[in-house]
Amino acid sequence: MPGTRATSSVDLAEQLEEEIVLGLRYPRERLVEDDLMARFDAKRHAVRSALRELETRGLAERRPNAGAFVRSYTAKEVRDLYAVREILEVSAARMIDLPAAEGCVEELTELQHRHDSAIEAGDLRAVVRANMAFHDALFALTDNTVLTQTIRRHARMAHAMRSVTVTSPDFLDRSRREHWTMIEALRGGDPDLLADTCRAHLLPSRDAYLSRVAGALD
C-alpha cells in the first residue's frame, strides 16, 4: 500500500485515519506494528502512540493477545452514533446566528470551492480534508468550542462508516450540493433549511454502512 513517510505519531495517525475513511483499510483488519514500522519508517513507540490515538478517535480497537484492529461497528452502534450526531449537528445549526456574517460565508465558500476542486480532480485525500475543514468552519459559527470539538470527535468516529460513500461519485455529488445549500441558508438567514440540510447530510453514510452490515449477515 503506497504512502509517504510519517515523521511523528501524529502524522502516522492522520495517514492511517485517511486510509480508513478512504476504504484502504477495512473494518476488522489487523494493524500490525512491525508492518507499520517498516512502511512508514517509524519507531515502535511512534506506531504504538498512533494506534492509541486511533483508538481514542474510535477508529481502532485493541483485543487481548491479538493486537490492534480497524474498528467495526454493529448496526445498533451505527444507529446510536448517528442519532447522537443528528442531535449535536442539528442543534448546532440552530444555534448559529443568521444571516451569517459575510466574512464567514466567504470563508465557507472558499472551502467549498476547494472541496469541489478535489472532487473534480479525483483527489480523495484532498476531498476528505476539505470536507473536514468545511464542517469545522460551519460549526465553529456556534461560537461554542466544546460543542464544535464534540461534533468533530463523533464525526471522526464515523470515518470507518464513511468509507462506503467517500469513493462514490453520486454520494460525493450529493455532498457538495448539500454544502452549497448550507451556504445558501447561512447567507439567506433560513434556519430551517440549514437544520434540515444538516440532518439529511448524515443519512447517506449511515444507510450505506447499514446496508453493508446487513449484506455481511446474509
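Student: What volume does the largest cavity have?
Tutor: This is a predicted model: local features need pLDDT of at least 70, side-chain atom pairs count only at pLDDT 80 or more, and totals for chains, interfaces and linings use all residues. Residues are numbered from 1 along each chain as its sequence is written, and side-chain values use heavy atoms, without hydrogens or water. A cavity is a set of points, on a 1 Å grid over the protein atoms alone, where a 1.4 Å probe fits but cannot get out; points join across faces, edges and corners, and volume is the space filled by probe spheres set on them. For the largest cavity, that volume is about 440 Å³.

Student: How many cavities of 30 Å³ or more does the whole structure hold?
Tutor: Rolling a probe the size of a water molecule over the atoms shows where empty space is left. The search covers the whole structure, and the number of cavities of 30 Å³ or more is one.

Student: Which element gives the most to the lining of the largest cavity?
Tutor: Lining residues have an atom within 4 Å of a point. There are 28 of them, with Arg85, Asn131, His135, Arg162 and His201 nearest the centre. Helices are DSSP runs (H or I, at least four residues), numbered from the N terminus. With seven residues, the top contributor is α6.

Student: How many charged residues are in that lining?
Tutor: Nonpolar means Ala, Val, Leu, Ile, Met, Phe, Trp, Tyr, Cys and Pro; charged means Asp, Glu, Lys and Arg; the others, Gly among them, are polar. The lining has 11 nonpolar and nine polar residues, and its charged residues number eight.

Student: Is arginine 176 buried or exposed?
Tutor: Arginine 176 sits in helix α9, residues 169–188. It touches Gln112, His115, Asp116, Ile119 and Glu120 (heavy atoms within 4.5 Å), leaving out residues up to four places away in sequence. Under 20% relative accessible area is buried, over 50% exposed, and in between partly exposed (1.4 Å probe, protein chains only). Because its value is 16%, arginine 176 is buried.

Student: How many disulfides does the structure hold?
Tutor: A disulfide here is a pair of cysteine sulfur atoms within 2.5 Å. The sulfur of cysteine 104 has its closest cysteine sulfur in cysteine 198, 15 Å away, so the two are too far apart for a bond. Cysteine 104 is partly exposed at 26%, whereas cysteine 198 is buried at 2%. The number of disulfides is zero.

How values were computed
Helix = DSSP H or I, 4+ residues; strand = E, 2+ residues; numbered from the N terminus. 1 Å grid on protein atoms, 1.4 Å probe; cavity = no way out; pocket = protein on both sides within 12 Å on 5 of 7 lines; lining within 4 Å.
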